[in-house]
Amino acid sequence: MKKGGSFFWGVFLGTIAGLIVGMILSAKKEEKVKNILEKKTEELRDNLQEIGKKIGKKVHKIKSDFESKWKKNKIEKMDKVEDELGT
């Protein structure tokens, strides 16, 4: 009978010890995973901001090029009309 009781207590204490060690180690792993996710999220945010700035610059350049070409084309057409009208 004594062997059965000792075995039961050994299994019980081993299980409790395993749970405690598992909880401690999982907290460290969660911390590592959390740190990795934070770093990757920050890198992604920085990359998206950089891409946004590049896109903004290109859109601004396209817009200004279009506006300058529009004004130039408009002026050339006005000059042609004035020449035809003789004014």
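In which helix does Phe12 lie? Phe12 belongs to helix 1, which covers residues 2-85. The model is predicted, so that local features require pLDDT of at least 70 and side-chain atom pairs count only at pLDDT 80 or more, whereas totals for chains, interfaces and linings use all residues. Residues are numbered from 1 along each chain as its sequence is written, and side-chain values rest on heavy atoms, with hydrogens and water left out.

The protein chain contains one helix and zero strands; helices (H or I, at least four residues) and strands (E, at least two) are DSSP runs numbered from the N terminus. Of the 87 residues of the protein chain, 0% count as buried. Here buried denotes under 20% relative accessible area, exposed denotes over 50%, and partly exposed covers the range in between (1.4 Å probe, protein chains only). The accessible surface of the protein chain is about 8700 Å², of which carbon and sulfur atoms supply 66%. Accessible areas were computed by the Shrake-Rupley method with a 1.4 Å probe, and for residues only the protein chains shown count as cover.

A nonpolar patch on the surface is formed by Phe8, Trp9, Phe12, Leu13, Ile16, Leu19, Ile20 and Ile24, with about 820 Å² of accessible area together. Patches consist of residues with over 30% relative accessible area and no salt bridge; nonpolar side chains (Val, Leu, Ile, Met, Phe, Trp, Tyr) are joined within 5 Å, and like charges within 9 Å. Within this group, Phe8 counts as exposed at 51% relative accessibility, whereas Phe12, at 40%, counts as partly exposed.

A search of the whole structure finds one aromatic pair. The ring centres of Phe8 and Phe12 are 6.3 Å apart and the planes stand at 15 degrees, so this pair is stacked. Rings of Phe, Tyr and Trp (its six-membered ring) are paired if their centres lie within 6.5 Å; planes under 30 degrees apart count as stacked, over 60 as edge-to-face and the rest as tilted. Phe8 and Phe12 are four residues apart in helix 1 and are therefore separated by about one helical turn.

The count of salt bridges comes to four, a salt bridge being a side-chain nitrogen of Lys or Arg within 4 Å of a carboxyl oxygen of Asp or Glu. Among them is the contact between the side chains of Arg45 and Asp46, with an N to O distance of 3.8 Å. Arg45 is partly exposed, at a relative accessible area of 45%, and Asp46 is likewise partly exposed, at 35%. Another salt bridge joins Lys54 to Glu50, with the closest N and O atoms 3.6 Å apart. Because Lys54 and Glu50 are four residues apart in helix 1, about one helical turn separates them; Glu50 is partly exposed, with a relative accessible area of 44%. Lys61 forms a salt bridge with Asp65, and the closest N and O atoms of this pair are 3.1 Å apart. Lys61 and Asp65 also lie four residues apart in helix 1, which means a separation of about one helical turn. Asp65 has a relative accessible area of 31% and is partly exposed.
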